[in-house]
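Me: Can you walk me through a couple of helices in this one? Keep it short.

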Amino acid sequence: MLVDTHLHLDMKPFDQDREQVLERALECGIGYMISIGIDLTSSIKALQLAHQYDAVYSTIGYHPHHAGDMDTQTLRELSRLVSDPKIVAWGEIGLDFFRRHSPPEIQRKVFKQQLEMALDIDLPVIIHDRDAHEELLDILIKTGKRRHKGVIHCFSGDYALAMILIGMGYYISIPGTVTYKNAFQIQEVATRIPLEKMLLETDAPYLAPVPKRGKRNEPSFVTYTANMVAQLRDITVQELCRQTTDNAKTLFNLPDSP
Ligand SMILES: [Zn+2]
Ligand SMILES: [Zn+2]
């Protein structure tokens, strides 16, 4: 069994064939898929899908791109969803200084607010970090009095940063980019971090792994990522699947079987 710990199943590119996408994933042994919210609307949609399909779980949160749209009202509505048993994390939240769809100072404020709320209610966080390593780490350290629990999704830092975050209690999620030629940094991270701290994800519909690079990504493609990481670490795919699935079950408190 494998878990795709990060995808956006509610998004438009899946509107035509969502059912088949899910079927293919189940056929490939993807036991669980975690559909990630990026604002109030997508969080609600993702939760609806989670109620529709046993293998799908979901999250709530405001992505840094949409940080400008979050206000006290929407935050209150988000937190009302938390008690739903199909909600397994808060995210994705974080900083994105690459695209800067929202001004940095708003991103910081909205990230901190959600991070503190999630940590206070002991819900794992799903963190997005693009070109913001130092500041993100700084914010995490400053909220350090609480017990940190979560994952840095689509990890793009180096091995040293990965180990600092692991030391704080975070998991590191390896995306399909690890299969790209010349992706030396993420390949090093995938090779060297403790297997007990690794998750796998697609971030579908984005970032399809080789040999599907450039196409729409989908949850079944997480198998390509798994094969690549097993190869890098010189272990069997079975061993990699077993451990990363255990990790996902532990972090997100998923049942033993869907
Ligand atoms: Zn992201
Ligand atoms: Zn995402």
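**Helix notes**

Reply: In helix 1 (residues 18-27), V21, L22 and A25 are buried, meaning 20 or more other C-beta atoms, placed from the backbone, lie within 10 Å of their own. Seen down the axis of helix 1, these buried residues fall within an arc of 95°, so they line one face. This is a predicted model: local features need pLDDT of at least 70, side-chain atom pairs count only at pLDDT 80 or more, and totals for chains, interfaces and linings use all residues. Residues are numbered from 1 along each chain as its sequence is written.

Me: Which residues are exposed on the other side of helix 1?
Reply: E19, Q20, E23 and E27. Exposed is 12 or fewer such C-beta atoms.

Me: What do the buried residues of helix 1 pack against?
Reply: Strand 2 (30-35).

Me: And what follows helix 1?
Reply: G29, with a positive phi near 90°.

Me: Switching topic. At what angle do helix 8 and helix 9 pack?
Reply: About 110°, with the axes 9 Å apart. The helices cover residues 222-233 and 237-252. That makes helix 8 roughly perpendicular to helix 9 (65 to 115 degrees).

Me: Which residues make the contact?
Reply: Helix 8 gives A226, N227, V229 and A230. Helix 9 gives V237, L240 and C241. Contact here is C-beta atoms, placed from the backbone, within 7 Å.

Me: How do the residues of that contact divide into nonpolar, polar and charged?
Reply: Six nonpolar, one polar and no charged. Ala, Val, Leu and Cys are among those counted as nonpolar.

Note on methods: Chains are lettered from A and ligands numbered from 1 in the order in which they are written. Axes are lines fitted to C-alpha atoms, for helices over the stretch in contact, and angles run from 0 to 180 degrees between N-to-C directions. Helices (H or I, at least four residues) and strands (E, at least two) are DSSP runs, numbered from the N terminus. Angles under 35 degrees count as roughly parallel, over 145 as roughly antiparallel, 65 to 115 as roughly perpendicular and the rest as oblique. Two residues are in contact if their C-beta atoms, placed from the backbone, lie within 7 Å. The arc is that of the directions from the helix axis to the C-beta atoms.
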